[in-house]
Amino acid sequence: MFVPIVVNLDVMLAKRKRRLGDLADAIGISIQNLSILKTGKAKAMRFSTLSAICRELDCRPGDILEYVPGDEGETESGEGG
């Protein structure tokens, strides 16, 4: 299923010259879970995690999450579902 939310964590990490492992340590989340967020494979994110990321990277939630409009009923193969 197509999810219209894009996670731009990698972009913010690059802009702030921070490493994923350092951010994981700073916010108290495993690097594996943070990597799942970074790649956009997470199905959910706690507001407390988003808040901690924004605090550490000195950014806003909109810098991390982006809405990309599209047919949300579409599957990844392009077929309706």
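In this predicted model, helix 4 spans residues 47-57, and its buried residues are Thr-49, Leu-50, Ala-52, Ile-53, Cys-54 and Leu-57. The cover over these buried residues comes from several elements, including helix 1 (9-16), helix 2 (20-27) and helix 3 (31-38). Helix 5 (61-64) and strand 2 (65-67) also contribute to that cover. Just after helix 4, the chain reaches Asp-58, which adopts a positive phi of about 50°.

Attention may now turn to the charged side chains. Side chains of opposite charge can pair when their charged atoms come close. A search of the whole structure finds two salt bridges. One of them joins the side chains of Glu-56 and Arg-18, with a distance of 3.7 Å from N to O. This pair connects distant parts of the chain, for Glu-56 belongs to helix 4, while Arg-18 sits in the loop between helix 1 and helix 2, 38 residues apart. Glu-56 counts as partly exposed because its relative accessibility is 26%. Arg-18 is likewise partly exposed, with a relative accessible area of 26%.

Glu-56 also forms a salt bridge with Arg-55, and here the closest N and O atoms are 3.5 Å apart. Arg-55 has a relative accessible area of 52% and is therefore classed as exposed, since the term applies to values over 50%.

Terms used. Residues are numbered from 1 along each chain as its sequence is written. This is a predicted model: local features need pLDDT of at least 70, side-chain atom pairs count only at pLDDT 80 or more; totals for chains, interfaces and linings use all residues. Side-chain values use heavy atoms; hydrogens and water are left out. Buried means under 20% relative accessible area, exposed over 50%, partly exposed in between (1.4 Å probe, protein chains only). Helices (H or I, at least four residues) and strands (E, at least two) are DSSP runs, numbered from the N terminus. Contact means heavy atoms within 4.5 Å. A salt bridge is a side-chain nitrogen of Lys or Arg within 4 Å of a carboxyl oxygen of Asp or Glu.
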